[in-house]
Amino acid sequence: MAVQNKAIKLVTAIPGPKSKALTTAKEKVVADALSLHVPVIIKEAHGALVTDADGNVFIDLAGGLGCLNVGHSHPKVVKAIQDAVANFTHTDFSVIPYESYITLSERLIALAPVKGPKKAAFFNSGAEAVENAVKMARKFTHKMGIIALEGAFHGRTNMAMSLTSKVKPYKSGFGPFAPEIYRVPAPYVYRRPDGMSEKAYVKFCGDALEKALLIQVHPDDCAAIIFEPQQGEGGFIPLHPDYLKRMQEIARKNNIVLIADEIQSGYGRTGTFFACEQLGVEPDMILVGKSIAVGLPISGVIGRKDILDAPPDSTIGGTYVGNPVACSAANAVLDVIEEEGLVKRAAELGKVIRDRFVTMAKKLEATPGSKLFIGDIRGLGAMIGAEFVKDTTTKEPAASEVNAIMAKGISRGVISVKCGIYGNVLRMLIPLVIPTDVLNEALDVLEQVALEVAKG
Ligand SMILES: Cc1ncc(COP(=O)(O)O)c(C=O)c1O
């Protein structure tokens, strides 16, 4: 049974006996909604490698769903966390403040592509950053309406879930949703109407946004537009720069706050620290989460001082928000990103992934009788996704095939995740510290299993 590649080491069938026993125990005591994507229990992880309870070593292309741009257990970050824990674990920043929170604010303010004087505030989760950004925008504008995009994902709390687009599994059965949310199309260029040029389609989406202010919510009632510069859960769709330009013009003209949710796309993953930088859009607020602190619970809102200062004393906050251990980890993460040049590295890794997907697409096409194809390869930097279809003309989504690729991949030592409104996009959320040969080893496995799935 033993499989010994360079990085991958499989010493049992997957799952091994210890993982099996623990996942069986899990079924009895953990709520079913927390279902398992990988059927093994982790023991430890370093860089891009995960070792399970049975001693199997996997290559991790999921990075804790995009939280590990600096990799698992980076020694500098571990040290910062250990030191912070040894000093103090909690005070509530608004009761007794600490330096790491202030330093983190200064550093993220310096990085955020928001014009003018800026401020920051930290929360626990991405969804909480979304909730608070909406509160700030409403207080600042004295308006209620929020425009969100088709394909958006902003989290699972009531406001964040209401702003999210995909109904199953995220919304169905969980209404009533927060009011004053208006949905507009976002350009999903690969699935634009037949016969429509990309340019015309992007214009159509911009027109729809403008029209929403006539037929859905009046500009006098619209506080904010929230968008992911590259949609994450929605299918790894970078928003077209022309669409974003139009969005910004509409927002500025109508005193509408522009909120960029960079919880998934931020922290260098796209080859610039924030995706907005390369898409030519200047939001008023930027939301950060995920890779900010290697998965410790912290998120942030960075934005215009006048907007962040709008809510009065004690209206924004929470017991644990911006906790000191996570702030220390977040400062160490920024050090590692700078010292190891991970933003530049993301762009390099992105080229490797893109080339490998192009090759995979060609091999799938050349496979006799293939029922699996890559219809689109897209994304910025290392945030690359491949959209799998059953037929390149009809573009019928190949969701079960992508599930099969991931499952087979895991059984051969590669952990990957998917996204997309049809669940047919294999997405890369790799730790940016992954060596190229390890990445290629993982992509060899994924290519091999994709070809097997294509043959049926
Ligand atoms: C773009 C985006 N916004 C918000 C969230 C919600 O973050 P959290 O799960 O930390 O609440 C996510 C999580 O996947 C996300 O990708």
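## A four-stranded sheet

Let us start with an open sheet of four strands, ordered S15-S16-S19-S18 and paired in the antiparallel sense. Strands here are DSSP runs of E with at least two residues, helices are runs of H or I with at least four, and both are numbered from the N terminus; two strands pair if DSSP finds at least two bridges between them. Strand S15 (373-380) and strand S18 (417-419) are at the edges with a single partner strand each, so one side of each has no neighbour in the sheet.

The model is predicted: local features need pLDDT of at least 70 and side-chain atom pairs count only at pLDDT 80 or more, while totals for chains, interfaces and linings use all residues. Residue numbers run from 1 along each chain as its sequence is written.

S18 joins strand S19 (residues 425-427) through three antiparallel bridges, and Lys 418 stands opposite Leu 426 in S19.

## Two helices side by side

Helix H12 (residues 342-366) and helix H14 (residues 436-455) pack at about 20°, their axes 10 Å apart. Axes are lines fitted to C-alpha atoms, for helices over the stretch in contact, and angles run from 0 to 180 degrees between N-to-C directions. The two helices, H12 and H14, are therefore roughly parallel, a term for angles under 35 degrees.

## Around the ligand

Of the 14 residues around the ligand, Ser 125, Gly 126, Ala 127, Gly 155 and Gln 264 come nearest; a residue is near if its C-beta atom, placed from the backbone, lies within 6 Å. Helix H5 (residues 126-141) supplies the largest share of this shell, three residues.

Note on methods. Angles under 35 degrees count as roughly parallel, over 145 as roughly antiparallel, 65 to 115 as roughly perpendicular and the rest as oblique.
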